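Please read the following report alongside the sequence and the coordinates.

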Amino acid sequence: MAITRIGNIASTIPDDSIQNVKMSNIVQSKNILINGDMSIAQRSTSVTGITGQGYNTIDRFETHASSLGTWTQSQSTTVPSGQGFATSLKMDCTTADASPSAGDFLYVRQKVEGQNLQYLKKGSSSAESTTLSFWVRSNKTGTYIAELYDIDNNRTISNSYTISSADTWEKKTLTYAGDTSGSFGNDNGRSLDIAFWLGSGTTYTSGTLQTSWGSQTNANRAVGQVNLADSTSNEWYVTGIQLEAGSVASDFEFLPVDVNENRCLRYFYQIISKTDTNSINAYGYYYSASNIKFPTRLPTQMRSAPTLEQSIATNALRFYRDSTYDGLSANFVLDGNGSGRYVSMYNSTDASGTAGQAGHLYKYSPTQADSYIWLNAEL
Amino acid sequence: MIINTVTKNYSAETNEFCSYQVTYINSSIVKSVPLDEANTDYQAIQEWAAIDGNNIIDNGA
């Protein structure tokens, strides 16, 4: 196969001129998407009872459901044989909805920053096409939709793919034309969504599938999509998702785990995870008699100043200092923005000590397993 | 998640308004949200506050 494009490098290499070189060794970060091999799952490896919108298991992949079944999402070890993948994202229907209302929907998506998309030259006469490739498996055969959504300009393009054989891994390759209208913002904002539809009501299926870029029209977004929610026997797996410039799908770009993880940390970082037990998680000091401060340098620049998200059982955390400790609950506060490179949090509700005393923040017991403090800068 | 309350936080060092504390209906999750327009929770607070009847609590420094 002649190679006509590798990432941003346009060239023509004759057939058979290279034999043993993998494209993934030539160009790094050709994949617009992050964590496409589903290997990083910081929040959890399995979440039950999903009915709405949120990041649940696999980093960077958000589930958005609206009144269409109840789902368990997990990081699965069911993978296509011999392809090098160790993990996949699994959606398992636990409460069915065989008759969706018009506005119901379910999809799994990843949102991409505009500054990472500038080389696609969207909105210009030389706009690049893009190719989406992935491995997928389901017991539910039929037509599925994968959609690109330009958030900056409210434009969409959809392609369909067919799962032909039940419970069999299949590789799909979909090419999307370049768009000469509407450029992506060159910033850290949300510019492009890549959505894998899994079901929808007639609001999104009653028109004609929009296979060329155009203004967003709900009726044209998911035409033909099967309803994965119609039975609790249904499940859907995906891995090896890659979106790249050009009209050819190259081999999946496997990244070293530290590189992949670091890319995820730009969007999500755990000061205390749900699975931490009897662990030291941060260092702090009594700024005053009623205020403990925890200045924390982050491992990488986050996309934006992050939200501090916390769910902490009463006194599940302890601040050990001077041969005693204070029990701490979900009363941590961000003190300033930190610009995504560091954060400073404080607790002035549960603190009572001596100014200047230093100590460490400790997650006390396995019985408080679900307590956590997260930093979130997702799109 | 549906926002229940939004309260202004003030810096322990400078006494300046420094972040929002957000609680949610039927949830034990509490968020402390920075004053960064690129932060999606900050954006959600602005949308929530723009709705008639939703008020940000300000207890002062």
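At what distance does a polar contact join the side chains of A:Glu113 and A:Arg266? The distance is 2.8 Å. A polar contact here is a pair of N or O atoms within 3.5 Å; within protein, one must be able to donate a hydrogen and the other to accept it, and residues adjacent in sequence count only if both atoms are side-chain atoms.

This is a predicted model, in which local features need pLDDT of at least 70, side-chain atom pairs count only at pLDDT 80 or more, and totals for chains, interfaces and linings use all residues. Residues are numbered from 1 along each chain as its sequence is written, chains are lettered from A and ligands numbered from 1 in the order in which they are written, and side-chain values use heavy atoms, with hydrogens and water left out.

**The two chains**

Chain A has one helix and 25 strands. Its radius of gyration is 23 Å, close to the 21 Å that the globule rule gives for 379 residues, so chain A is as compact as a globular protein of that length. Chain B contains one helix and three strands, arranged along the sequence as β-β-β-α. For its 61 residues a compact globule would have a radius of gyration near 10 Å, and the 12 Å of chain B agrees with this. The radius is taken over C-alpha atoms, and the globule rule is 2.2 Å times the number of residues to the power 0.38. Helices (H or I, at least four residues) and strands (E, at least two) are DSSP runs, numbered from the N terminus.

Further values for each chain are set out below.

| Property | Chain A | Chain B |
|---|---|---|
| C-alpha span along principal axes | about 70 × 50 × 40 Å | roughly 30 × 25 × 20 Å |
| Residues that count as buried | 56% of 379 residues | 39% of 61 residues |
| Accessible surface | about 14,500 Å² | about 3,400 Å² |
| Part of that surface on carbon and sulfur atoms | 44% | 44% |

Buried means under 20% relative accessible area, exposed over 50%, and partly exposed in between (1.4 Å probe, protein chains only). Accessible areas come from the Shrake-Rupley method with a 1.4 Å probe; for residues, only the protein chains shown count as cover.

Among contacts in chain A between residues at least 6 apart in sequence, 74% link residues at least 24 apart. In chain B, residues 24 or more positions apart make up 26% of the contacts with a separation of 6 or more. Contact means heavy atoms within 4.5 Å.

**Two sheets of chain A**

One open sheet has seven antiparallel strands in the order β21-β20-β24-β17-β18-β23-β22 (chain A). Its edge strands are β21 (324–328) and β22 (332–334) of chain A, each pairing on one side only. The twist averages 35° from one strand to the next; axes are lines fitted to C-alpha atoms, for helices over the stretch in contact, and angles run from 0 to 180 degrees between N-to-C directions. Three bridges join β22(A) to strand β23 (residues 342–347) of chain A in the antiparallel sense, and A:Val333 has A:Tyr346 as its bridge partner in β23(A). Two strands pair if DSSP finds at least two bridges between them.

Another open sheet holds six antiparallel strands in the order β3-β6-β7-β15-β9-β12 (chain A). Strands β3 (46–50) and β12 of chain A stand at the edges with a single partner strand each, so one side of each is left without a neighbour in the sheet. Here the twist averages 25° from one strand to the next.

Strand β12 (residues 170–176) of chain A has A:Glu170, A:Lys172, A:Leu174 and A:Tyr176 on its covered face, and A:Lys171, A:Thr173 and A:Thr175 on its uncovered one.

A:Glu113 belongs to strand β8 (residues 105–113) of chain A and counts as buried because its relative accessibility is 0%. Beyond its neighbours within four places in sequence, A:Glu113 contacts residues including A:Asp187, A:Asn188, A:Tyr267 and A:Arg303.

In chain B, B:Ile3 lies in strand β1 (residues 3–10) and is buried, at 12% relative accessibility. Not counting residues up to four places away in sequence, B:Ile3 touches B:Val22, B:Thr23, B:Tyr24, B:Ile25, B:Ala44, B:Ile45 and B:Trp48.
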